[in-house]
Amino acid sequence: MKAAQPDFDLIARPYRWLEYMTLGRALERSRLHFLPELRDRTSALVLGDGDGRFLARLFAQNPALQADAVDTSRVMLELLRHNCPSDAVLRTHQADALIFLATTPKIQYDLVVTHFFLDCLIQSEVNEIAREIAPFLAPGALWVVTDFAIPSGAMRIPADLLVRFLYLAFRILTGLRVSRLPDHDAALQAAGFIRVRQHSSFFGALVSDIWKLSEAVP
Ligand SMILES: C[S@@+](CC[C@H](N)C(=O)[O-])C[C@H]1O[C@@H](n2cnc3c(N)ncnc32)[C@H](O)[C@@H]1O
């Protein structure tokens with residue numbers, strides 16, 4: 001089953017400021033946490049990068065990078081292009097990520113990036129993305145995933161309330177129908193990935209991971 005497509009066009013321009021007003025720089029720090037470990041990457045597939053703040057930083061760090069950025073939002077992709085260097089080798093695709101993966105020739109990437117994107121999908125879609133992405137990966141490719149999480153212990157209830165609040169806000173602003181975090185760990189593990197790095201912040205409510213296909217792990 002496919003969730004109804006949200007429309008991020010209306011909030012694309014204020015998105016950065018809405019983020020800073022609600023959660024300060026916490027998401028930014030989380031997105032950028034593993035950036036220094038991606039210096040040797042040359043070919044990236046970036047799904048749902050929104051206004052491209054992460055990709056701009058990646059190009060600044062890796063000027064020889066080639067990237068494909070996929071997003072359903074036309075305005076987000078315009079901002080992404082604007083934020084990235086004008087001479088960057090960047091191809092933008094206004095498409096549903098699942099359709100892109102199913103219909104695009106299997107170029108081999110050494111990096112996949114999904115920051116706060118998988119949590120816009122239902123579980124079956126995350127499972128499908130994890131399965132479909134493997135043929136796009138060069139040996140040793142990394143997949144960086146950043147998302148919200150519900151920690152155990154004292155922070156479980158505050159994190160749960162925060163996530164509920166954010167889903168409600170996105171439902172009102174974009175029509176997003178997803179209302180609970182998918183279990184992306186389970187999806188990636190079932191597709192043969194193993195986690196090689198993990199960073200947790202914001203009292204456990206933000207998690208950034210690096211994954212590799214298990215046969216690619218030394
Ligand atoms: C919550 S925003 C995250 C943006 C950015 N990655 C960040 O870290 O803030 C989700 C982004 O994914 C895009 N998106 C949502 N569903 C999508 C889908 N099925 N395929 C491609 N892009 C999608 C939205 O247009 C939006 O730009």
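Biologist: Which elements do the buried residues of helix 5 pack against?

Modeller: They pack against helix 1 (9–12), helix 2 (15–23), helix 4 (53–61), strand 2 (66–71) and strand 3 (89–94). Contact here means heavy atoms within 4.5 Å. This is a predicted model, where local features need pLDDT of at least 70, side-chain atom pairs need 80 or more, and totals for chains, interfaces and linings use all residues. Residues are numbered from 1 along each chain as its sequence is written, and side-chain values use heavy atoms, without hydrogens or water.

Biologist: Which residues of helix 5 are buried?

Modeller: In helix 5 (residues 74–83), they are Val75, Met76, Leu77, Leu79 and Leu80. Helices (H or I, at least four residues) and strands (E, at least two) are DSSP runs, numbered from the N terminus.

Biologist: Why is Gly50 called buried?

Modeller: Its relative accessibility is 9%. Buried means under 20%, exposed over 50%, partly exposed in between (1.4 Å probe, protein chains only). So Gly50 counts as buried. Gly50 is in the loop between strand 1 and helix 4. Beyond four places in sequence, Gly50 touches Asp71, Met76 and Leu80. Two of these, Met76 and Leu80, are among the buried residues of helix 5.

Biologist: What makes Ser43 count as buried?

Modeller: Ser43 has 15% relative accessibility. That is under the cut-off, so Ser43 is buried. Ser43 belongs to strand 1 (residues 43–47). Its contacts beyond four places in sequence include Leu65, Gln66 and Tyr109.

Biologist: And why is Ala26 called buried?

Modeller: Its relative accessible area is 6%. Again the value is under the limit, so Ala26 is buried. Ala26 lies in helix 3 (residues 26–32). Leaving out residues up to four places away, Ala26 touches Phe202 and Leu206. Ser201 is 175 residues from Ala26 along the chain, but their C-alpha atoms are separated by 8.0 Å.

Biologist: Which residues come nearest to the ligand?

Modeller: Of the 19 residues around the ligand, Arg31, Gly48, Asp71, Ala97 and His115 come nearest. To count as near, a residue needs a heavy atom within 4 Å.
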